[in-house]
Amino acid sequence: MVSSISKSESAGLPSGIKAPVQETLLTPRFYTTNFDAVAEMDLSGQQAELEAVVAELRADYNRHHFVRNQEFEQCWDNIDGETRKAFIDFLERSCTSEFSGFLLFKELSRKLKNRQPLLSEAFNLLARDEARHAGFLNKAMADFGLSLDLGYLTKNRTYTFFPPEWVIYTVYLSEKIGYWRYILVYRHLQQHPEHQIYPLFRYFENWCQDENRHGDFFKALLRSQPQLWNNWKARLWARFFLLTVFATHTMTVLERSTFYDSIGIDPQEYNKQVIDRTNETAKRAFPSILDTHHPEFFPRLERCAIANQKLAEISSNQRPAAIQFCQKLPLIAAIFWQLLRLYLLPSINAESSRTAIN
Ligand SMILES: [Fe+2]
Ligand SMILES: [Fe+2]
């Protein structure tokens, strides 16, 4: 676990500004990359596709979407206790992850300005969307008497370096999983309006289309780089990133089950649906995907989530660090073991079905 925010730093924040949650392996990360390598990418293999996606981004279909309606104008003290805590946690993590996208895209746009004009414009448009998403979520936090100091977050978070290839795999996946996460919540609440306890979710239908377009842009970028899909290493990397994103999703959703319960969603079932659909979608971009229908697939992921919850319990007990470490070790080993077994399960070759899909 990485902790980048000291108590004294967070204590200096004005009241009403929420100190960011302690950074752990599961909190959304902030990324930086090799900008020169991105500037030198040859995009010619997907030029037409990239131009088409950028034209879609330029159209800015959601320009008038993120405007708060009257429904927000009321007191939200009825959402209280554990539900309120879970709600704030959901809003904060979502806001942080949208904002993390904004920072990365903005920096990419800036660094590519005179070297890759098409990419620079695309990243600028992506940053525009993510800033809207983060801002909208931050206003939702204000309904609960809190807000995130995004400037503070920018300066104080640890930035993780990812080479461009990793950025492309992971951002593609996070956009597509974001799409499925939002649309499945939206559809559920349409069918069960009695659980519509806060108006934010009504915005998810158009919102998720932004994420879908972002994912399509990264798909075109990924397919423009043959080394990301036409060899055995690419197949191994693709499955590695699918597994890490799905494991993180399972741990986060099951850890936050109170939030899903509060809107009438079965977290286990929701997690399965999000993962199944994201995996199926990834078939269009990745050379290889996971067999999520294998009988061992979800039970092993869920065992990781149980071990992760026990790790969190140990972290919050008052025992000395050395004892905590000894308690954690078998659980960390169990998580790695489950992930290794999952990684070694038979996979699905996505290239062979590509012509049928496209
Ligand atoms: Fe977003
Ligand atoms: Fe996005």
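## Helix packing and nonpolar core

Helix α7 passes helix α11 in a right-handed crossing, a crossing being right-handed if the near helix is turned clockwise from the far one by less than a right angle, and left-handed if anticlockwise. This is a predicted model, in which local features need pLDDT of at least 70, side-chain atom pairs count only at pLDDT 80 or more, and totals for chains, interfaces and linings use all residues. Residues are numbered from 1 along each chain as its sequence is written, and side-chain values use heavy atoms, without hydrogens and water.

**Helix α7 against helix α11**

- The axes of α7 (residues 164-191) and α11 (residues 267-282) come within 9 Å and cross at roughly 135°; helices are DSSP runs of H or I with at least four residues, numbered from the N terminus.
- The two helices are therefore oblique to each other; angles under 35 degrees count as roughly parallel, over 145 as roughly antiparallel, 65 to 115 as roughly perpendicular and the rest as oblique.
- On the α7 side the contact is made by Y172, L173, K176, I177, W180, R181, L184, V185 and R187, and on the α11 side by Y270, Q273, V274, R277, T278, T281 and A282; contact means heavy atoms within 4.5 Å.
- The residues of this α7 and α11 contact comprise nine nonpolar, three polar and four charged.

**Helix α9 against helix α11**

- Helix α9 (residues 232-255) packs on α11 at an angle of about 160°, and their axes are 10 Å apart.
- That angle makes α9 roughly antiparallel to α11.
- The crossing of α9 and α11 is right-handed.
- From α9, the residues in contact are L242, F246, H249, T250, V253 and L254, and those from α11 include Y270, V274, T278 and A282.
- This contact of α9 with α11 contains nine nonpolar, six polar and no charged residues.

**Nonpolar core**

- The largest nonpolar core has 107 residues, and those with the most contacts inside it are F123, Y198, L200, F201, F217 and F286; such a core is a set of buried Ala, Val, Leu, Ile, Met, Phe, Trp, Tyr and Cys residues joined through side-chain atoms within 4.5 Å.
- Helix α7 contributes the largest share of this core, 15 residues.
- Apart from neighbours within four places in sequence, L200 is in contact with F72, F90, L91, F136, L137, A140 and W207.

**Residue D60**

- D60 lies in the loop between α3 (47-59) and α4 (81-112).
- Although D60 is not a glycine, its phi is positive, at about 50°.
- D60 counts as buried, at 12% relative accessibility; buried means under 20% relative accessible area, exposed over 50% and partly exposed in between, with a 1.4 Å probe and protein chains only.

Note on methods
Chains are lettered from A and ligands numbered from 1 in the order in which they are written. Axes are lines fitted to C-alpha atoms, for helices over the stretch in contact, and angles run from 0 to 180 degrees between N-to-C directions. Ala, Val, Leu, Ile, Met, Phe, Trp, Tyr, Cys and Pro count as nonpolar, Asp, Glu, Lys and Arg as charged, and the others, Gly among them, as polar.
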